Structure formats: structure tokens, C-alpha cells
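Here is a quick tour for anyone meeting this structure for the first time. Take a look at the sequence and the model, then read on.

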Amino acid sequence: MKLSKIAALFMVPVLALCLVACSAPSGNASESASSDPKIAELTAQKPANADEAAELYAKLMQKENEIFSSDNALWEKVFNAANKDSAMIEDGSNYGDFLLKTIDGAKDEFTADELKTLKAGAQQIKEIEDKLESLEKEFPGCGSTPSSGESVDASTAGMTAGANASSEATKFPSFTGKDLDGNDVNSDELFSKNKVTVMNFWFTTCKPCVGELGDLEKLNQELAEKGGQVVGVNSFTLDGNKGEIADAKDVLSKKGVTYKNIWFKSDSEAGKFTSNLFSFPTTYVIDQNGNIVGDPIVGAISSAEQRAALDKLIDQAIANSEQQKTRKAWRGSRAAVRSSPLPFKIISTIQRSRSGPLLLGVVPFVFWRASLHSSLAPAKNGDRVGQTRRIRTAGESGQVRPRGRGCRPCWSSKVFAKGTSHSRLRRWRSIT
Amino acid sequence: MDKRENTASHVLARFRGFIQAAATLITNIHLPNFAKGGIYQGAGKTVCVPGLNCYSCPAASGACPIGSFQSVVGSSKFNFSYYVTGTLILLGVLLGRFVCGFLCPFGWLQELLHKIPGKKFSTKKLKPLTYIKYVVLLFAVVLLPVLVVNDVGMGDPFFCKYICPQGVLEGAIPLAIANAGIRSALGQLFTWKLAVLIAVVVLSVLFYRPFCKWICPLGAFYALMNRVSLLGIRVDACKCVSCGKCSKVCQMDVDVVRAPNHAECIRCGKCIGVCPVDAISYRYGLDVSAEKLPLTADKK
């Protein structure tokens with residue numbers, strides 16, 4: 001087989017492998033596989049002094065963050081399913097064990113592949129945590145001194161940003177207003193007192209909005225047990241129009257609604273936000289920190305799918321509020337990570353980026369096309385070479401044998417014996 | 001050959017397609033909103049447009065008269081809308097079904113669909129179906145939103161909710177494409193309305209303006225006003241040679257010579273273009289007493 005064929009055939013699986021292995025967020029089996037030997041290598045290191053210990057500590061923290069950020073969405077699910085009992089966190093048990101327990105508890109939420117990834121990740125975290133503990137014992141303070149108070153590195157920031165990005169860290173514009181009974185209301189107090197706030201926008205003459213008020217009242221009672229609340233905003237009552245407030249209260253009492261309904265000024269940020277809505281009813285889910293979680297639910301929540309979407313958002317908001325507590329507890333006990341070394345940054349950026357795989361796929365492609373260059377792959381019978389075509393030879397020896405007349409197709413004026421062919425690279429007059 | 005009269009009528013009839021396109025554009029002027037996934041909510045939306053054009057169309061510059069009527073009448077406070085009905089009566093008297101023929105976007109859509117080549121069927125034998133639109137107007141637009149109410153006294157806009165294909169075409173589909181929240185709210189009702197839209201589209205290819213003839217409540221209202229409208233069609237009895245070409249070419253199945261201001265006539269002007277003796281023309285005005293004009297066909 002010629003070199004060109006081999007080269008081409010070799011390039012194709014290499015290209016395919018690169019594209020598969022490097023596809024950004026999900027295909028990270030390769031990454032966890034490759035980090036395993038690295039982790040093993042790191043855990044095997046025995047630092048000689050406090051500085052090296054601190055360095056190793058930082059590297060291990062870096063690794064842990066990479067494990068989380070490589071499968072952000074999956075780990076989010078795990079955190080959501082985590083037991084909200086903070087007692088488990090502070091009793092000194094290994095974080096990796098805690099994660100493994102949570103994954104086991106929630107194993108029906110994941111597919112077999114996801115479970116494998118998660119378990120592998122949790123196992124690695126367990127190893128890392130073991131090593132970190134032993135480092136702390138040997139060199140107490142190596143975890144806390146170097147980077148406490150330092151700015152958090154790109155990957156942890158990226159991870160938290162990733163967590164928030166999935167909940168779209170858009171904050172609901174803060175406002176001060178009143179409820180329909182005239183009591184003052186402040187957005188910070190309103191949100192921070194509850195793990196989740198379901199904000200429903202409606203108006204008095206909107207039939208679907210009024211129709212779902214009963215369901216919202218029921219939801220309010222359910223959420224009260226979980227530490228959440230429903231808050232209504234009637235867009236007709238913005239600016240405190242007394243007539244509209246009276247109408248709204250009338251409708252609310254007819255429907256048996258007890259949860260708070262508030263209004264604020266229409267030229268405030270929140271007021272403009274409300275005026276930009278054109279679809280009613282619209283429901284936003286807001287977590288304890290005032291961040292909007294996910295996309296708004298447009299339309300009444302009475303249908304099953306909308307209700308399911310709303311429940312998902314509520315759970316996510318509760319988890320977000322919890323997660324901030326969980327992460328803070330853990331990260332408080334460990335130090336913030338120092339900036340990761342540049343090579344790690346480059347590789348992880350390429351692997352996480354969307355155009356990374358494209359770039360990495362370009363290289364084998366270029367090699368393949370280059371392999372087709374004439375100097376690497378000499379022309380064979382019938383091959384087109386530029387605008388010419390290699391004529392069939394009689395044998396590969398390239399002998400020129402006499403023919404009966406000149407060769408019309410290749411304009412050769414040599415007279416050859418009839419019945420023989422010859423080999424010349426010549427411009428064809430008409431090649432179809 | 002006689003000097004050609006009625007040039008204004010001929011010009012109007014010839015440029016009807018352009019006028020329809022311009023009217024559709026003016027009724028839907030806020031084109032960038034298609035990309036934004038929201039609708040225009042400014043002051044223009046308080047005015048009703050003459051044709052059937054959904055309020056929820058991202059580009060819509062005004063409100064749909066049928067939709068506005070239903071939303072006012074369906075609210076718990078009111079049972080009748082003077083503003084919308086008044087606007088409709090005004091347009092009916094000033095223009096009558098000229099709106100249908102020249103200014104309605106959905107009518108234009110149906111005509112464009114009818115131009116798609118294929119087998120075309122005549123609706124001459126389906127005349128009884130034209131009464132369905134009056135039933136739709138009476139029940140879906142006027143009575144049901146008033147009578148079928150919830151515990152707070154609010155009714156649904158029945159025509160908009162269950163029947164109108166223009167709402168799906170102009171409102172639901174563009175908004176669902178650009179707005180994720182609305183996309184996730186689509187359900188069974190959307191499936192039904194989409195089926196209605198597809199049915200109307202298919203029928204429009206086979207028949208001429210089936211929605212205008214058989215279903216449109218706005219067309220029904222303007223049809224009622226057609227006989228008292230200031231804009232009408234005049235057939236000069238002196239010139240008419242009773243060749244029958246006008247009635248043959250009329251796609252709304254109107255006998256032009258006998259009843260040029262029939263409820264079904266959308267003033268498209270095809271009869272004007274085809275009359276060999278130029279007997280037919282548009283006429284506008286109150287001053288059409290019998291003494292001033294020569295005897296016309298519809299006065300007989």
C-alpha cells in the first residue's frame with residue numbers, strides 16, 4: 001500500500017478521535033482518565049518543607065476544582081440532591097465520601113455513564129481529600145496560609161460562575177414598594193427571608209392569570225413548609241392607583257388568595273422590568289440571594305408541564321440557596337486556590353471552549369490534505385494531475401512502444417505501432 | 001372606440017396587489033420585533049386596524065378590531081364595547097368590504113396562496129356556506145365572551161382562542177420562534193389552532209378566499225355594512241350589453257349586474273377590468289340620487 005493511502009487512513013481515525021475526545025462540556029471521560037495518573041502522581045509526592053506542601057496543596061485543590069467544573073451540570077444535580085443537613089459537613093468526614101453517599105442516594109437520577117463519571121470524580125476527590133488531610137497533619141497551615149484572602153482563581157471563579165450561569169446570575173432589580181394593605185416592602189428583606197420566592201406577574205382583567213390564582217395559593221401553602229413564598233405583582237396596581245388596588249383586592253379575596261401582593265413605582269428598575277413583560281401571567285423564581293433562577297414560566301401554571309417546570313426551578317432555587325451555604329462551609333475550611341499554571345489554563349480553555357475541538361480538528365485535516373500533494377503521492381494510472389491525466393501504461397515500466405500513428409489524445413507526434421499504448425503526461429484536448 | 005372613462009377605477013383595480021402589500025406593511029410596521037421576540041406596546045396599539053391583523057403580532061402597529069371587541073366584552077366590567085363597534089361601523093360606512101379587498105393582510109395571504117398553480121375549484125355551488133361567518137360573528141365574537149364567564153365574571157375571547165388562524169400565523173409562530181418562555185407554554189390549543197391554519201392554507205390554494213367567504217367575522221360585519229357603504233360599485237345600465245362577463249369573472253360569486261353592492265362583493269375590481277364596454281366603475285359619495293345619475297342596474 002502506498003504511503004499516501006496509509007497516511008490518509010491514519011489521519012481519519014485520528015481526526016475522529018480528536019473530535020470525540022475534545023468535545024467540550026460532556027465528553028470528559030478522557031479528561032478524568034488523564035487526570036487520574038496526574039492525581040496519583042500528585043498524591044504520591046512527598047513534600048520536603050512547608051512551601052512545597054503549600055504548592056502541592058494548591059495543585060490538589062486545583063485538581064478538585066477541575067473535576068467539578070468539567071461536569072458542572074452533573075455536579076449541580078448532585079448538590080441539589082444532597083442532604084441539606086449541614087451536620088454531615090462539619091463532622092470531619094471526607095468530602096469525597098459525602099459525595100459518594102449523595103450520588104448513591106440519587107443514583108436513579110443519572111444514566112449509567114453519568115454515574116460512572118460522577119463516581120470516578122467522587123473517588124478522585126476522596127483521594128485528593130485524603131492527601132490534603134495528611135498534608136495538613138504534616139505541615140499544619142499549608143492549606144490556609146498561601147492563599148487565604150487572595151483572589152480566587154479562574155477555575156473556582158469559573159466554577160461558581162458556571163453554577164450561577166446555569167441559573168443565569170441575573171439579579172431581580174431591587175425595589176422598595178408597598179403591599180396592597182399599605183405595608184412597606186423591601187426587595188432585599190423579601191427575598192432573603194425565604195429560600196425561594198415565586199414571583200407571579202398578573203393583571204386584573206387577565207382571565208388565565210385570575211384562573212391560576214387558586215393554584216398559586218395552594219403552592220404558597222406548600223412552599224411555606226419548605227421555607228418559600230409566593231408573591232404577586234399586579235401590573236395595573238403599579239404606582240399605587242387606589243381604584244386598581246381595590247379591584248385587585250376584590251379579585252384576590254374572591255379567589256381566596258392570602259399571599260402578599262405588592263406594587264412599586266413604574267419608573268423604577270423593577271417597574272420597567274414589569275412593563276417590558278408582554279405575556280401574562282409570567283412567573284419568575286428567585287432564590288435567597290435575589291438571583292432569578294432559570295427562564296420565566298410564561299402562561300398559567302395549571303398545566304402539568306408548566307407545573308413540572310416550575311417545581312424544577314423551585315428545587316433549583318432552594319438548592320442554590322443551600323449550595324452557597326455548603327460551598328462556603330467547605331471553602332472556608334480550605335483555602336482558596338492559587339492561580340493555576342499557564343499550561344493547565346491553556347489546555348483547559350481549549351478543551352472547554354466551543355471552537356477548541358474545531359481548532360484541534362483542523363490540524364489532522366491539514367495533514368491529510370498535505371499528504372495528497374503530488375510530491376508525497378506520485379500519480380498513478382488515470383489520476384488527474386493538475387489539468388492532465390496520466391495515461392494508462394502498458395506495464396509500469398513506462399516503455400514507449402511504437403504505435404501505428406500519432407496519439408490523438410495526447411498530441412504526441414511520434415508514430416507508434418498499432419495496438420500499443422504509451423505513457424506520457426500530456427494535456428488532453430477534451431477530457432470528460 | 002369610445003374614450004376610455006373610469007380611469008380611476010381601472011387604476012385602482014390594477015394596482016390592488018400593491019395596495020394590499022403596502023397595507024400589510026403599514027399594519028405590521030415594527031419589523032425588528034420579529035427578532036426580539038416581544039411585541040410593540042406603544043400608543044399605536046390603542047387604535048384598531050381595519051383588517052384582520054393579530055394584536056400579538058410582533059410587528060403589529062395597531063390592534064385587531066375583533067380581538068379588541070372580545071377582550072373588552074369578555075372582561076368583568078363591560079358587556080359591550082362602544083369604541084370598537086363605533087370604529088367598525090365607521091370603517092364599514094366609509095369603505096365597506098373595500099377593506100377586505102384592499103386592506104386586509106389575511107385576505108392578501110389567501111390570494112397569494114391561490115396563485116399557487118394547481119387544480120382550482122369553484123365555490124358557486126357552496127353559497128350556503130357563506131352564512132357560517134355570520135354565525136361565527138354572532139356566537140364566537142359577541143355572545144360567548146359575554147355569557148360564558150368564570151366565577152369572577154371574565155370570559156374568553158372565543159374567536160381568538162379557538163378559531164383565528166391569523167393569530168397563529170402572526171402571533172404564536174413568530175413569538176414561539178424567538179421567545180423561549182412562550183415556546184414552552186405551547187400545548188394542545190396550539191396544535192388545534194395550527195391545524196386550523198393549515199386547513200385554511202390548503203383550502204386557500206384550492207378555493208378563492210375560503211376564509212373570507214365562509215369564516216371571517218370581520219368580513220361578516222363589513223358585509224352587513226356593504227349595502228350602506230359610501231364606497232360602492234356602479235353599473236351603467238345604458239352601456240351594459242348583458243354579456244355576462246363580469247359575473248363570470250367574479251370570484252366571490254356575485255351577480256354584478258343584478259347586485260353590484262351585494263354583501264359578498266369585496267370590491268376587487270376584476271369585473272371593472274373585464275367589462276368590454278366600461279360600464280362598471282367604483283362610486284364614492286352620498287350624492288347618488290336617482291335624478292343626477294343615469295339609471296343604473298342596481299336601482300331597478
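A:Pro281 sits in the loop between helix 13 and strand 6 (282–287) of chain A. Helices (H or I, at least four residues) and strands (E, at least two) are DSSP runs, numbered from the N terminus. A cis peptide bond, with omega at about 0 degrees, links A:Phe280 to A:Pro281.

Then there's A:Asp239, in the loop between strand 4 (228–234) and helix 12 of chain A. A:Asp239 isn't a glycine, yet its phi is positive, at about 75 degrees. For background, most residues other than glycine have a negative phi, and most peptide bonds are trans.

## How to read the model

This is a predicted model, where local features need pLDDT of at least 70 and side-chain atom pairs count only at pLDDT 80 or more, while totals for chains, interfaces and linings use all residues. Residues are numbered from 1 along each chain as its sequence is written, chains are lettered from A and ligands numbered from 1 in the order in which they are written, and side-chain values use heavy atoms, with hydrogens and water left out.

## Where the chains meet

On the chain A side, 17 residues are in contact (heavy atoms within 4.5 Å) with 18 residues of chain B. The area buried between the two chains (accessible area, 1.4 Å probe, lost on being put together, summed over both) is about 1300 Å², and carbon and sulfur atoms give 61% of that. A:Lys207, A:Phe278 and A:Val298 supply 47% of what chain A buries against chain B, more than any other three residues.

The interface of chain A and chain B has 3 salt bridges (a side-chain nitrogen of Lys or Arg within 4 Å of a carboxyl oxygen of Asp or Glu). The side chains of A:Asp247 and B:Lys77 form a salt bridge, at 3.8 Å from N to O. Helix 10 (207–211), helix 12 (242–255) and helix 13 (269–276) of chain A each give two or more residues to the side that touches chain B. Helix 12 of chain A has the largest share, with 4 residues.

## Two crossing helices in chain B

In chain B, the axes (lines fitted to C-alpha atoms over the stretch in contact) of helix 7 (residues 105–114) and helix 10 (residues 165–178) come within 11 Å and cross at roughly 95 degrees, on a scale from 0 to 180 degrees between N-to-C directions. That makes helix 7 of chain B roughly perpendicular (65 to 115 degrees) to helix 10 of chain B. B:Pro105, B:Phe106 and B:Leu109 of helix 7 meet B:Pro165, B:Gln166 and B:Leu169 of helix 10.

How values were computed. Parallel < 35°, antiparallel > 145°, perpendicular 65-115°, else oblique.
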